[in-house]
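Student: I would like to learn how to read some features of a protein model. Could you take me through this one?

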Amino acid sequence: MEFASSSPSFSESKPKWKYDVFISSGGGDICRAFVSHLHSALLEAKVNTFLEDENEHKNEVMRAIEGSQIAIVVFSKSYAVPTWGQSIWCLEELEKIIECHETVMPIFYEIDPYDERHQKGDLVKALKAAEQEMFSGELLEIRLSRWSRSLSKVANFRRWVQSDFTNEAELVREVVDHILTKLDNEVLPITKFPVGLESRVEKVIGFIEKQSNKVCIIGIWGMGGSGKTTTAKAIYNQIHRTFMDKSFIEDIREVCKTKGRGHVRLQERLLSDILKGKVKIQSIGKGTTIIKERLCGKKLLIVLDNVNEMSQLHLCGNREWFGQGTVIIITTRNLRLLDRFKVDYLYEMHKMDEKESLELFSWHAFGEAKPREDFNEFARNIVAYCGGLPLALQVLGYYSFGQTSKEVWESLSSNPKITPFDQILEKLRISFDDLQDQMEKDIFLDICCFFIGVDRAYVTNILNGCGLYADIGITVLIECSLIKLEKNNKLGMHPLLQEMGREIICESSRTELGKRSRLWFEGDVLYVLEKNTGTKAIEGLALKLHLSNRYFFIKADAFKKMKNLRLLQLDNVQLTGDYGCLSKQLRWIRWKGFPRRYIPNNFYLEGAIAIDLKHSNLRLVWKDPQDLGWLKILNLSHSKYLKETPEFSKLPNLEKLILKDCPSLCKVHKSIGDLRNLILLNLKDCKSLANLPRRVYKLKSVKSLILSGSSKIDKLEEDIVQMESLTTLFAKNTAVTRVPFSIVRSKSIDYVSLCGYEGLSHNVFPSIIWSWMSPKMNPLTRIHSFSVTSSYLVYMDLQNNILGDLASAVRNLSNLRSLSVQDTEFQLSKLLRTIPDDAYGVNFTEFEIRSDTSQISNQYQGSYLIGIGCYRAVFNTLIDSISKVHSLHFCLLTFTIHSSY
């Protein structure tokens, strides 16, 4: 039946395919059981089937014939014979089937198709007899001629004969399989070479199969060209038969582009697919209403491909509208959309590994799974360039197909850009063009030119200083698959995305290099600097020259016109002339091998966020203190001539001071204590540095202190406990021989490398404390150093000490949990055994007194362990008991102190 219009804005034409299959059997009892069996099998296979009922209205039957994709006609002896007039209707029905269907599936049940085709079988005889009862003369001849024509046409189709099969079940199975094959025009075309696809599809389908009692929303996320659409199609092809109502809308981004009606078109596509008819709507609001009303409660399969706006998802409804078992699959480059839509399962598209990449490329380039042996090296070079991106492998492989010249392959291998490279970049650029904010685009371009492989926090600081709000912007770029976070929080980017970003910059000015916003290619940079063609358009410049023991000289006034330069990277470059020519907008200066003995006062750095002068020739940083209120990062590592740090009082926001491997550094200015925001202090391998200013230990913000390899530093002060944010201390390979007693009281420290101890603090501190407890010192004098610390296991050798001292010391240990005592006289055991009685009402978690002679030979010793929980009443009783024993010659006390916070 047709759907009635729900509003004036909604109309639909006659459905093209309302049913998958129409079954006509004429009636009668001979084949009724078989037809019922066939109908059930088709429904079980999720084939939408119309089975004619004898009470069905004839017009409805005709519409069902028109609206069915495949028609099955079951011929038997009783076809068109059982009741008077049946042959009239059956002839009209058969003629309608032949008229509407290019392919008909005739099944001959208990009759011979050969005889029927030659007009001498049981069916033909029965039809003639039936017609003769109702018609005569010329009308009879016309009727018989129509029957003969129809039966002859049907007999020309592929036919199924019941007698050719062992049993009816085999016949039914054969028919159903054939129909499923015929109906597979619903199968979506995917790649010809589905390398690695099966495993990806299985993961997603495995999740879907567990969600049959709920609405399941799947998100497939990845960069352009990574195979999201292909994966979604493959999943659809495998599961679509289990859904009567389904829709796959490809490239929604393009569907919605039509100005004014893009979102309406999306709704029309969805409704037309599921309602199996052409649907027209007039507005988004009415479309949403129709979707809610007409799709409510239905079990649906919906695939929304290449979604790039949240509104596109809302237009298609929400999970509360649809029935149990509904599956919605969304492919997108934007992770945030999936998070906001609350998908149940996120599948991230990863790059293909080397083996898969080579196979996919080889299928496209050579028509087989492996490259030809003589082109193997060239093929591997191209594959490496593609970086595991299926789109690139396909495009470059297709372009390489049929190439037999080694010279051509060598050229392709060394310069893949001579291929239709634009096809790849055009696809990748979609993600960039979809960015809504110019700041996000600028962040992407900065990263692709200067910051790949650089720490995210470092880059964020610099770009925030440029006014780009990088905290948010970098997150957006990650969610849009334009950049990624790699190991150790470093920023990464697919090489082809980097190529795309740089191509966007080049497009802005193909011929005038000085008008590009960023310069990174050595030849371009040298041309602009030597020809002095720079302009205010240049915001970033990198010149990395790989020279040894010499500098490349550039005139400083080559930078004079670059008024907006904010990012500058120079390696092995020496400027001649006035440093005042450099931009006053500089936020990041990375100058490897800075050639001067000190930074000139006219080098304007007041806006700088990060100054990185590794491997510099600096002796002093500045002659006079500089007011750099924005500076957060100062890195002077590997400056082998640097003798002292700068004065820090005018660097109030400095967060990271990195002076690694400065072998001549012998003085850290005492003003370092003014750096209230300092987080990292790295003085590793400063071999001339003998001590730190006492004020260093007052830096409450420092989280990491690195002194390893500074071999002259021989002492860490007890004041180190004042560094209340310190989480990491590296001080191995120094001259420090004693760990400060106060260090074990630190509540913040997590990792220690000091005096031969290295590891997590809760593992290291017990050993450090044990090292203090040698027989040569009275360990009781150290108890107050650690009595308020976290959970440490402490071993104390109390040989030659009196129990009175032990009692007074233990009285302060309110968190004492266990006590082990070894003594040479058994009178202590009697006293210890009375503790549970004396501490009546205390809930003991453990109580054990046992003898142990394994520790000290040739002496009679008792060993007692009392597990007593954290109860002061027990300690007082224990102390009183111990005080009564005066002849203890050896006592080993083991206790665990548990945190009181």
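Tutor: Start with S753, which is buried at a relative accessible area of 1%. Buried means under 20% relative accessible area, exposed over 50%, and partly exposed in between, with a 1.4 Å probe and protein chains only. The model is predicted: local features need pLDDT of at least 70, side-chain atom pairs count only at pLDDT 80 or more, and totals for chains, interfaces and linings use all residues. Residues are numbered from 1 along each chain as its sequence is written, and side-chain values use heavy atoms, with hydrogens and water left out.

Student: Where in the secondary structure is S753 placed, and which residues does S753 touch?

Tutor: Helices (H or I, at least four residues) and strands (E, at least two) are DSSP runs, numbered from the N terminus. S753 belongs to strand 27, residues 751-754. Contact means heavy atoms within 4.5 Å. Not counting residues up to four places away in sequence, S753 touches L729, F730, A731, K732 and E758.

Student: How many helices and strands does the chain have, and what share of its residues count as buried?

Tutor: The chain has 30 helices and 33 strands. Of its 901 residues, 53% count as buried. Among contacts between residues at least 6 apart in sequence, 61% join residues at least 24 apart. Accessible areas come from the Shrake-Rupley method with a 1.4 Å probe, and for residues only the protein chains shown count as cover. The chain exposes about 41800 Å², of which carbon and sulfur atoms supply 48%.

Student: Is L271 buried or exposed, and what is L271 in contact with?

Tutor: L271, in helix 11 (residues 262-275), is buried at 0% relative accessibility. Leaving aside neighbours within four places in sequence, L271 is in contact with K276, V279, I281, G287, I290, I291 and L295. One of these contacts, I290, is 19 residues from L271 along the chain, with 8.4 Å between the C-alpha atoms.

Student: What about loops: are H240 and K342 buried or exposed?

Tutor: H240, in the loop between helix 9 and strand 8 (245-249), has a relative accessible area of 0% and is therefore buried. H240 and V187 are 53 residues apart in sequence and 8.4 Å apart, C-alpha to C-alpha. K342 is in the loop between helix 14 (335-340) and strand 12 (345-348); at 60% relative accessibility, K342 counts as exposed. The C-alpha atoms of K342 and I217 are separated by 8.0 Å, with the residues 125 apart along the chain.

Student: What is the volume of the largest pocket, and which residues lie nearest its centre?

Tutor: On a 1 Å grid over the protein atoms alone, a pocket is an open set of points where a 1.4 Å probe fits, with protein on both sides within 12 Å along at least five of seven lines; lining residues have an atom within 4 Å of a point. Grid points are joined across faces, edges and corners, and a volume is the space filled by probe spheres set on the points. The largest pocket has a volume of about 840 Å³. Its lining has 39 residues, with G225, G227, T229, T230 and Q394 nearest the centre.

Student: Which helix gives the most to that lining?

Tutor: Helix 17 does, with six residues. Elements that each supply at least two lining residues include helix 8 (197-208), helix 9 (228-239) and strand 10 (300-307).
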